[in-house]
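Reader: I have a model open and want to go through its interfaces. Can we take them in turn?

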Number of protein chains: 4
Amino acid sequence: MTMLNARYTDPPFRITRMSHVVIRVTDLDASLAFYQSLAGLVLSRRDDGAAYLRGVEETSHHSLVLIEGDSPSCDAIGLRVFEERDLDLAETWFDGKGIHTEWTTRPGQDRTLLVRHPSGVPIELTARMERLPRPLTEYSARKGASVYRLDHVQILVPDVAAVGEALMAMGFRAAEIIRKAGTDTSIGMFLHRKNVPHDIVLSQGAGPRLHHFSYVVSDLQAMFKACDVAGEMGIGTEVERGPGRHGPGNSAFVYFRDPDGHRIENILPPMQIMDPDEPVAIWSSDQKEKIVPWGQPAPMRWREEASLFTGVPLGDEGDVARWSVS
Amino acid sequence: MTMLNARYTDPPFRITRMSHVVIRVTDLDASLAFYQSLAGLVLSRRDDGAAYLRGVEETSHHSLVLIEGDSPSCDAIGLRVFEERDLDLAETWFDGKGIHTEWTTRPGQDRTLLVRHPSGVPIELTARMERLPRPLTEYSARKGASVYRLDHVQILVPDVAAVGEALMAMGFRAAEIIRKAGTDTSIGMFLHRKNVPHDIVLSQGAGPRLHHFSYVVSDLQAMFKACDVAGEMGIGTEVERGPGRHGPGNSAFVYFRDPDGHRIENILPPMQIMDPDEPVAIWSSDQKEKIVPWGQPAPMRWREEASLFTGVPLGDEGDVARWSVS
Amino acid sequence: MTMLNARYTDPPFRITRMSHVVIRVTDLDASLAFYQSLAGLVLSRRDDGAAYLRGVEETSHHSLVLIEGDSPSCDAIGLRVFEERDLDLAETWFDGKGIHTEWTTRPGQDRTLLVRHPSGVPIELTARMERLPRPLTEYSARKGASVYRLDHVQILVPDVAAVGEALMAMGFRAAEIIRKAGTDTSIGMFLHRKNVPHDIVLSQGAGPRLHHFSYVVSDLQAMFKACDVAGEMGIGTEVERGPGRHGPGNSAFVYFRDPDGHRIENILPPMQIMDPDEPVAIWSSDQKEKIVPWGQPAPMRWREEASLFTGVPLGDEGDVARWSVS
Amino acid sequence: MTMLNARYTDPPFRITRMSHVVIRVTDLDASLAFYQSLAGLVLSRRDDGAAYLRGVEETSHHSLVLIEGDSPSCDAIGLRVFEERDLDLAETWFDGKGIHTEWTTRPGQDRTLLVRHPSGVPIELTARMERLPRPLTEYSARKGASVYRLDHVQILVPDVAAVGEALMAMGFRAAEIIRKAGTDTSIGMFLHRKNVPHDIVLSQGAGPRLHHFSYVVSDLQAMFKACDVAGEMGIGTEVERGPGRHGPGNSAFVYFRDPDGHRIENILPPMQIMDPDEPVAIWSSDQKEKIVPWGQPAPMRWREEASLFTGVPLGDEGDVARWSVS
């Protein structure tokens with residue numbers, strides 16, 4: 001995998017981690033009730049028609065932005081870069097590839113570069129956010145899962161390898177790859193910059209679509225608390241899958257659907273993967289017993305349903321397949 | 001419910017708790033590997049063709065007996081009575097009802113009265129077992145779920161109310177009852193003598209059959225450990241249902257199928273129910289969101305499959321429906 | 001131990017379990033803040049100068065009563081009997097021993113017999129309390145340790161054996177006994193009626209005094225939550241001992257001091273002990289490594305401080321030492 | 001703190017994380033029994049007189065090296081750099097400061113640069129180790145705490161600020177600083193390269209000495225398992241401090257002493273700290289209730305005892321205080 005991960009140690013600009021997710025919701029109050037009571041996210045700011053939330057371990061202004069709109073979708077995923085100058089390096093680099101970028105703004109965020117990525121996934125890059133107190137020791141105020149921090153997003157795309165290459169060109173490293181049995185075709189790819197197996201997970205499917213975003217929780221008790229609160233809220237059927245165990249990444253997980261059908265995962269603190277020579281885990285799609293080591297199969301809606309990106313038609317892969325990573 | 005539970009405070013003989021389960025297995029070594037490695041039961045004794053196991057909290061010789069045989073089935077469920085003289089009171093009481101009993105023996109058990117209960121369920125009563133050391137502090141030797149103690153059995157019978165009445169006549173108390181929606185028909189009944197909601201759970205279905213037996217584990221971590229060991233053993237698909245939460249009884253649960261298809265449940269330490277005037281919880285079968293507060297539906301095989309009682313044909317309800325409790 | 005526990009199977013009246021504790025506190029609001037926010041007890045009723053609390057698993061009106069007074073003390077420990085008629089049997093039995101009893105009342109309790117026990121410990125017997133909803137599934141409202149139910153009290157007395165005998169005469173069974181090394185003198189005794197090792201624990205010390213009352217919590221996470229809330233409330237030094245592990249009873253524990261210095265323990269769900277022939281565990285006081293299997297020694301104040309019983313002078317043992325159990 | 005952490009984003013060479021610790025032990029078998037049974041470390045290699053161990057999440061050859069010797073001490077702490085060329089950059093950089101380095105070897109490690117750091121702490125730098133399978137899914141083989149991975153070391157030095165500056169010059173970032181009350185003197189400093197608050201913690205004391213090394217465990221249950229195994233092994237008094245909660249870093253912790261008195265900490269997965277503008281937490285030494293939010297005080301031996309570095313006399317601060325970081 002040396003070639004695959006070539007840009008990890010010398011990236012063109014230094015992405016550090018998944019930073020935030022911006023989703024449209026049709027009823028802001030209903031969504032806030034869900035994300036505060038069940039997930040335990042903390043409100044950083046609320047405007048007319050928008051709310052900004054962070055996990056109990058986060059001091060950055062937001063990792064989840066809810067924007068009220070007519071229909072549910074995902075406006076953008078946000079990546080953090082190390083320093084301001086990495087934004088400029090990024091702008092130049094994308095320019096050189098003929099990829100459209102624009103400077104944009106968002107409350108609580110500093111200078112933000114919006115990338116119209118050829119995969120169709122809108123990506124925001126930022127180096128800084130407003131800093132707020134870490135709510136970690138406000139134990140009495142914790143609710144539901146009291147999620148700690150955003151970990152990763154999973155995105156469905158028709159051509160995993162092509163989008164994966166495009167992201168690796170930006171410095172992502174493949175930690176784990178799922179191949180279609182008997183072929184070299186990648187149908188799943190765990191890409192990371194920070195020291196866990198995943199900042200962005202790609203999975204083969206009609207896309208581009210946001211399958212889920214995933215927050216770290218403290219332990220199994222926090223997962224069960226969220227499930228129990230779901231039951232108490234009368235939305236127990238929205239505990240869509242799990243608690244269970246992933247083979248790839250080894251995460252213990254549970255998935256919930258929010259009032260608009262957006263999907264949030266809770267996972268236990270993931271394993272540490274950070275050495276550039278750490279072996280890439282390769283899985284074959286017929287190793288079902290490894291990929292889902294135990295438990296009931298994922299329900300059909302978990303397999304088929306996902307959130308569109310705002311304004312990006314399903315099936316629009318852009319020109320990623322033709323896009324050179326060199 | 002006063003009438004229902006009338007015999008609880010003045011039982012004809014003093015059953016104290018679910019004591020043990022005797023099952024036939026087709027490959028004793030395979031079954032032992034399952035119950036020792038995954039469930040973490042401790043071997044008390046092994047004979048040619050039989051093994052006796054106990055939980056890490058149990059000092060009684062066995063709570064699970066495995067007997068090698070040609071086909072899987074359940075030989076008997078065992079109940080503990082307070083003292084020797086309760087066995088004699090039981091014999092007299094069953095005699096008076098015209099119910100056949102006989103004295104039998106089993107290694108590690110003292111004097112044992114086998115009751116050919118009209119429900120078709122073979123019931124063993126005993127007052128004492130050989131005492132062995134409590135393995136609780138042998139932390140290094142713990143395996144899998146390291147189950148603590150047997151809690152209850154669940155039995156499928158066509159006529160829950162009739163079998164329930166028969167058991168209440170023996171002193172059991174109904175802690176929780178599930179009624180067919182819009183009717184007075186009981187389709188589920190949690191019966192107990194010890195101070196948790198269930199020693200024997202009755203559920204409507206083709207019977208009599210043993211649906212599962214249930215062991216208490218320490219916490220969610222122990223449940224997940226058993227699931228992970230199942231995956232490691234290559235039998236992850238035998239994690240049949242859960243981890244999840246029951247509405248009735250409020251237990252967190254997970255179900256496994258053993259190599260012969262017998263079903264073992266792991267539950268967290270159940271709630272305390274022991275006052276005779278503790279309200280009986282009544283559930284209606286259409287309160288799905290209360291009965292299964294969250295999570296994926298139980299798979300079909302969990303609903304349909306169960307273990308026959310040895311030599312008792314399916315559909316044989318005996319004469320329980322006509323049997324008077326007075 | 002057959003003789004010791006002789007009255008367990010045929011008690012003179014049927015005590016079933018530790019029921020409640022009544023303590024005097026000097027600032028009811030401060031005490032309520034402590035017991036609601038840190039322990040997670042649920043308020044059942046508040047009058048002028050008194051509050052009644054129950055655990056999240058309890059449907060009985062109260063397991064803890066706080067009464068505002070000039071100085072902290074314990075008014076009574078409460079025991080539950082099986083049925084109303086057991087109260088009358090108790091009255092007669094105590095009368096026969098020349099022990100003073102009187103009928104008393106307390107909000108939320110039915111007919112109550114107050115026993116001026118020769119040990120100096122005021123004991124209330126009751127068969128029924130007002131029933132309230134079980135708060136167990138109000139997950140969002142849980143606070144701190146969200147204690148499940150009262151488990152036991154620990155009482156300091158100068159003569160453990162004498163008080164132990166007096167309690168065994170009332171039907172208690174000794175589950176575990178700690179002997180002064182090299183002697184037959186009991187310096188600790190775990191007495192129970194329900195199916196765990198302890199409803200009343202006796203420990204040698206200047207007395208009679210209430211050392212602590214103990215509530216069951218779900219798991220280690222609940223224990224740590226209470227400790228973390230203590231820190232958040234600025235009373236982290238009142239996490240007096242633990243989390244740790246007891247040898248006798250095998251409970252994981254933590255102790256807190258309330259605003260008046262009353263001591264509350266949190267323990268994990270205790271082991272099941274209920275067969276009359278279950279071996280009595282005998283410990284010798286020099287088996288330090290068994291009695292405190294690991295961790296820092298208990299601090300001096302844990303060893304020396306305890307709550308007086310209201311109006312009962314320290315050192316007043318009554319005539320228990322001369323009182324016959326036959 | 002901008003200046004303090006100036007070299008974090010542009011380090012002279014790229015240290016990525018704490019890598020390993022090399023300690024001398026007087027009885028290799030006894031030490032292996034401790035680290036395998038209690039901590040749950042996995043043996044990667046055993047030679048005559050040396051053993052190499054890794055956590056269940058680690059694929060690098062070792063994070064702990066035990067070398068049999070006449071007296072206990074710490075030979076070196078090991079840091080990982082991103083790539084081979086960072087070793088050469090490091091050599092040049094230390095040369096330029098007049099700090100002695102030498103190339104050395106250790107089984108399972110690639111090219112290794114040993115730095116005779118002026119603080120007196122021997123530091124090994126390496127870019128690669130032999131890769132071994134990740135034992136994470138060998139659930140049945142887990143023992144004791146089944147520690148996941150090495151997290152950090154804590155070192156006692158007389159002049160925290162000076163050593164801290166020296167380490168920040170190498171690219172470390174201060175995440176948290178404890179100041180002597182009423183002064184600007186740093187008496188504790190949490191320095192990190194990876195995304196948690198600590199790779200190296202400095203604490204004021206007679207030194208240089210290794211106070212402890214710390215491994216991440218999955219949850220409180222794993223911590224308690226290790227404590228219970230300590231009790232089972234008869235070394236319960238070597239559970240020296242905790243389980244408890246640190247204020248700085250917010251880690252839940254427990255400390256054990258090994259057969260030679262070396263100290264190993266277990267902590268829960270630490271919080272994520274990785275943005276360069278993440279605020280530095282400043283604590284004052286008189287904020288006792290913040291620094292130790294709850295629980296019994298650390299025992300004297302935890303405060304006073306630590307492991308010498310091999311061949312480095314106590315009190316030898318080298319010339320770090322005079323050593324320029326510019």
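Reader: What area do chain D and chain A bury between them, and how much of it is on carbon and sulfur atoms?
Author: Chain D and chain A bury about 3,200 Å², with 44% of it on carbon and sulfur atoms. Buried area here is the accessible area (1.4 Å probe) that two parts lose on being put together, summed over both. This is a predicted model, where local features need pLDDT of at least 70, side-chain atom pairs count only at pLDDT 80 or more, and totals for chains, interfaces and linings use all residues. Residues are numbered from 1 along each chain as its sequence is written, chains are lettered from A and ligands numbered from 1 in the order in which they are written, and side-chain values use heavy atoms, with hydrogens and water left out.

Reader: How many salt bridges between chain D and chain A?
Author: The count is 18, a salt bridge being a side-chain nitrogen of Lys or Arg within 4 Å of a carboxyl oxygen of Asp or Glu. One of them joins D:Arg17 to A:Asp275, with the closest N and O atoms 2.9 Å apart.

Reader: And what kinds of residues are on the side of chain D that touches chain A?
Author: They divide into 12 nonpolar, 9 polar and 16 charged. Ala, Val, Leu, Ile, Met, Phe, Trp, Tyr, Cys and Pro count as nonpolar, Asp, Glu, Lys and Arg as charged, and the others, Gly among them, as polar.

Reader: Moving to chain C and chain B. How many residues are in contact?
Author: 37 residues of chain C with 37 of chain B, contact meaning heavy atoms within 4.5 Å. The buried area is about 3,200 Å², 45% of it from carbon and sulfur atoms.

Reader: Which residue of chain B does C:Asp275 form a salt bridge with?
Author: B:Arg80, with the closest N and O atoms 3.3 Å apart. Between chain C and chain B the count is 18 salt bridges.
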